[in-house]
Amino acid sequence: MAHRWSKKKRPHQEDKQVVERNLIAHKVFDDKTVRVLVHFLDKGAFKSLDYPISSGKESFVFRATKADGTYVAVKIFKYETTAFHKFADYLDGDPRFSMRDTLRSRIQLWTRKEFANLKAATSAGVRVPEPYAFKENVVVMEFLGEEGIAYPLLEQTEMENPREVYDQVLDNFKKTYQNAKLVHADLSPFNILYHEQVVFIDWAQAVMRQHQRAEEFLLRDCHNVAKFFERRGVDVTAGDVLEQVRGK
Ligand SMILES: Nc1ncnc2c1ncn2[C@@H]1O[C@H](COP(=O)(O)OP(=O)(O)O)[C@@H](O)[C@H]1O
Ligand SMILES: [Mg+2]
């Protein structure tokens, strides 16, 4: 029989220390973020961060593995945004203001908003990654993938039947607007994953329907959806999408 030692579970504490040491040594994250990640390790939300699925301007998304071998997605909002650097030039060294703290709390609010919107969308029956937990600038959620590989973006997908996929998008869009009473506000084939089913992701910017700019964002979302499916041969206009989404 083959060796089984590699499958033997290491003590949890040791796992945690290894991850912590690596994160600090490689300076992937600032100390504050490392502390949050260690908190999640402690809680058993995951036992290792595997690799970044994506690295954008505002966030990283990592695949992470739990003790039972299943995966979660970990979205980490970056404190070091461009905006931060711009302000920091004028504020660093001025003891009256702590722009660093202000920006941090804004990013934490943004994180909380992503979590709250994911919760609301889930309850409304919209297909989104199920949110599990959040803290400061980190959200832990359902990993959307097959055999450890994240599902592709709708943008990158070859669709056999674009009309069917359009109907799925519409169904989720409608539930977002009518049941969750939200406007996603960045809905496009770059924020929809596709694998047999569509999944709407990236919810931090979503607003409630009564938001003063909700209407404008809704029109833009309708336009993005229509434009994408038009290019794939579905005969739709932004007006059609809007009518469907609003209509009962
Ligand atoms: N729950 C998830 N499961 C698998 N992949 C994900 C998940 N959430 C995000 N991703 C991947 O990470 C990328 C960035 O995530 P997103 O939430 O859109 O953040 P950003 O603000 O960087 O656009 C997505 O395009 C997708 O490829
Ligand atoms: Mg996105």
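Across which strands does helix α4 lie, and at about what angle does helix α4 run to β4? The views below take up this question together with others, and they all show a predicted model.

**View 1. Helices α2 and α4 lie across strands of the sheet.** Helix α4, residues 99-123, lies across β3, β4 and β5, and the helix runs at about 165 degrees to β4. Helix α2, which spans residues 31-43, lies across β1, β3, β4 and β5, and its course makes an angle of about 35 degrees with β5.

**View 2. Five strands form an open sheet with antiparallel pairing.** Read across the sheet, the strand order is β1-β2-β3-β5-β4. The edges are formed by β1 and by β4 (131-135), each of which pairs on one side only. Direction ignored, neighbouring strands of this sheet are turned against each other by 25 degrees on average.

**View 3. Strands β4 and β5 pair in the antiparallel sense.**

**View 4. The shell around ligand 1 draws on two domains.** The ligand is surrounded by 19 residues, of which Ser54, Gly56, Ala73, Pro129 and Asp202 are the closest. At least two residues of this shell come from each of β1 (48-55), β2 (59-65), β3 (71-77) and β5 (138-142). By class, the shell consists of ten nonpolar, five polar and four charged residues. Because domain 1 (12-146) and domain 2 (151-246) both give residues to the shell, ligand 1 lies between them.

**View 5. Strands β9 and β10 form a hairpin.** Strand β9, residues 192-195, and strand β10, residues 197-200, run antiparallel and are joined by four bridges. Tyr194 stands opposite Val198 in β10. One residue lies between the two strands, and Glu196 in the turn has a positive phi of about 65 degrees.

**View 6. The whole chain provides the setting for the close-up views.** The chain contains seven helices and eleven strands, and of its 248 residues 30% count as buried. When contacts between residues at least 6 apart in sequence are considered, 56% of them join residues at least 24 apart.

Methods: Residues numbered from 1 in each chain as written. Chains lettered and ligands numbered in written order. Predicted model: local features only at pLDDT ≥ 70, side-chain atom pairs only at ≥ 80, totals over all residues. Near = placed C-beta within 6 Å. Nonpolar A, V, L, I, M, F, W, Y, C, P; charged D, E, K, R; others polar. Domains from an automatic or database assignment. Pairing = 2+ DSSP bridges. Axes fitted to C-alpha atoms, helices over the stretch in contact; angles between N-to-C directions. Contact = placed C-beta atoms within 7 Å. Buried ≥ 20, exposed ≤ 12 C-beta atoms within 10 Å, placed from the backbone.
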